[in-house]
Amino acid sequence: MSKTTAIALAPSTTLLGRLLATIDRLLMKSAEISNRNGDLPRFGL
């Protein structure tokens, strides 16, 4: 049973906010792929 909760935040409209959201999305996708392959995900940039 998972005990995580998603928090809905207002969408960011600034260019910096959109850039950070894109980087975050790419890092999360990379971590998911690494986890699926059984590897430890690389943290940070």
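Which residue takes a positive phi just after helix 1? The residue is Gly38, whose phi is about 85 degrees.

**View 1. The chain as a whole.** This is a predicted model, in which local features need pLDDT of at least 70 and side-chain atom pairs count only at pLDDT 80 or more, while totals for chains, interfaces and linings use all residues. Residues are numbered from 1 along each chain as its sequence is written, and side-chain values use heavy atoms, with hydrogens and water left out. The chain holds 1 helix and 0 strands, where helices (H or I, at least four residues) and strands (E, at least two) are DSSP runs numbered from the N terminus. Of its 45 residues, 4% are buried, meaning under 20% relative accessible area with a 1.4 Å probe and protein chains only, whereas exposed means over 50% and partly exposed lies in between.

**View 2. Helix 1, residues 15-37.** The 23 residues of this helix should span 33 Å at 1.5 Å a residue, and the end C-alpha atoms are 33 Å apart, which agrees; the expected span is 1.5 Å times one less than the number of residues.

**View 3. The salt bridge between Lys29 and Glu32.** A search of the whole structure finds 1 salt bridge, defined as a side-chain nitrogen of Lys or Arg within 4 Å of a carboxyl oxygen of Asp or Glu. The side chains of Lys29 and Glu32 meet at 3.6 Å, N to O, and because these residues are 3 apart in helix 1, about one helical turn separates them. Lys29 is partly exposed at 47% relative accessibility, and Glu32 is likewise partly exposed at 40%.

**View 4. Leu16 in helix 1.** Leu16 has a relative accessibility of 55%, so this residue counts as exposed.
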